[in-house]
Amino acid sequence: MSESTGTTFRAMTWARRRTALSRVWRELRHDRPGFIGLLLLSGFGLFALSAPLIADRSSLLVASGRNNPDLAAPSIKFLLGTDEIGRDVLAQLVWGSRVSLFIGLFATVVAVVIGSVVGLAAGYTKGKVSAVLLAIDDFFLVVPFLPLAIVLAVVLGRSPVTLSIVIGVTSWAGSARLIRAQVLTLSERAYVERARALGASSWHVIVRHVLPGVAPLIIANATLIVPSAILTESTLSFLGFGDRLSPSWGKLLEGAQSSGSITLNAWWYYLPPGLCIIGIVLAFTLLGRSLERIFDPRLRGR
Amino acid sequence: MMAKDSLLVCDNVHVAYPPRRRGGKSARAVDGVDLEISRGEIVALVGESGCGKTTLARAILGLQKMSAGSIMFDGIPFSTKTVDKKAFRRRAQIVFQDPTASLNPRQSVYEIVAEGLRIHGLSDNEHEVVTGALERCGLHPADRYLMKYPHELSGGQRQRVVIAGAMVLEPQLLVADEPVSSLDASVRGEILDLLQTLAREQDMAVLVVTHDLGLAWNIADRIAVMYLGRIVEIGTTEELLAQPKHPYTQALLSVVLEHLGMSQQILVGEMPDPTAISTGCRFHQRCPLMQSGEAQKKGIGSRCTTEDPVLRSDDNGHLVACHATESATPVRG
């Protein structure tokens, strides 16, 4: 008997989770800005996935532009023209979307993991541990962010992975603050006290009661870190501290700037990556704000 | 009384909350409490809000650090070592005032009730234990409730779930902190009945913390009256109701028993701040005996303002801390 009730119990738990998920989906669908963000994001996702269909990877190589005209205007052969050494701009744009998205997402994972751990620990512990963590958090909040990122990028190297780590390490401080605040209110709840009275360890309280309570906040916050991570990557690349080997949107902009495409009015070189950066930042921000509204009851109805 | 078979012995328990500001005074929320609870006994701890009754309950459960004194549970002094604490936690459980707040809104009834079992690694036939506990707490058939979430239950049902969550660990002591004050009048009686039944069936001691003397009188075997961090009177329910000795108990009782023709005594003023406990009897500013001049007539007025009365017991084990009763009762320290 207990086995069958055990499985129905599990099935019912999953049914509950599905209803909760479908509730989020329903609310998101009716939240216009959030839904537009989601559509825009899906568009960028498809764009990145379709890279091999649009252009061959070899067209990114310096040698590939040898036989093409330099800074040629858009044509049937090159839908977005060519850059200063004759490479296809569209090929770089579509392959670059992969790099930008990868760095944006991976940097966010790094930032969210550090931010959550520090936020949980600072909110849950009292006294010295919390004070030290908050001091570290304050340091990362106030330290001029770009110089720190540049120094780290130079020291650690410039592959997409290390760049993500650099960006993640410099952008977790805000979310740690946010998570700590939520943890502080959660750990004063009567049900946490009840769990303690039952004999629960701190680990049990954090994993079973505090973490599920802050999870929605973490998800919404993560969605808002992605755009800033993508912007940071573009900034670093534009300033010449990016990965020289992988074609990101920021690196395209740097190429456009240094080749004088703006004075030469070669709009097909600088406009597409610029618009892409604006578009993806907008998409993640709209989605993130909307998720925040859905998950945070205090923001409902505003 | 003072049964040899005492389960819980509090000896001179103090709890002081540190001052808010540097140089401020600490709040002596519990200021020297002696209390014994026997196995299977229901004791009510009565007092107005701010008298330290909840703090005392939390200290008994180890949820609040004592600043002095000691607590023995089942003959073993209370230890702060983690392992011992966990074993102790199994044997003493708490039910809070607000069942809505004490249930995690994200957990189902099953998860809530099974939580204690999982914490203590008692996973054998978890399902039967959980359903058993729910049914004993009046939620049957239990299967109908297992997958519900707290917001789908009524206040009374929530409190039953909280009690079931404590009962799965088969505690020897259940502390119920204002267990019915947030519930509808219609379900209060049911929850109190449930606590009484569980206490009898499981031979479990219950400490009911409440501000309501009428409630205490309905459920408790013994009543302890607390004022400003100190127990001022303890006795069996019958004795305390028939012959309240402390002027504070008399005043509380006069309000409850008004309809029985007892003249109502309304206390003047508010309980002093626990950061500034004056000398003498801590009740003297509000004591009707002082205000009517009766204490002065008896010649104890100066003692009331300078000397702290201790709990003294009469032959029946009825304890009271009041200078005015001393001449009438044999003095035993």
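Modeller: Two strands pair if DSSP finds at least two bridges between them. Strands (E, at least two residues) and helices (H or I, at least four) are DSSP runs, numbered from the N terminus.

Biologist: What joins E9(B) to strand E10 of chain B?

Modeller: Six bridges do, and E9(B) and E10(B), residues 230-236, run antiparallel. In E10(B), Thr236(B) is the bridge partner of Arg222(B). This is a predicted model: local features need pLDDT of at least 70, side-chain atom pairs count only at pLDDT 80 or more, and totals for chains, interfaces and linings use all residues. Residues are numbered from 1 along each chain as its sequence is written, and chains are lettered from A and ligands numbered from 1 in the order in which they are written.

Biologist: Which residue in that hairpin takes a positive phi?

Modeller: Leu228(B), near 50°; the hairpin has two residues between the strands.

Biologist: And in which sense do E3 of chain B and E9(B) pair?

Modeller: Parallel, over four bridges. Ala44(B) stands opposite Ile223(B).

Biologist: How many residues of E9 of chain B are buried?

Modeller: Six of its six, where buried takes 20 or more other C-beta atoms, placed from the backbone, within 10 Å of a residue's own. Arg222(B), Ala224(B) and Met226(B) point one way, and Ile223(B), Val225(B) and Tyr227(B) the other way.

Biologist: New topic. How many residues of chain A are in contact with chain B?

Modeller: 19 residues of chain A, with 24 of chain B; contact means C-beta atoms, placed from the backbone, within 7 Å. H9(A) gives the largest share of chain A's side, eight residues.

Note on methods
Contact = placed C-beta atoms within 7 Å. Buried ≥ 20, exposed ≤ 12 C-beta atoms within 10 Å, placed from the backbone.
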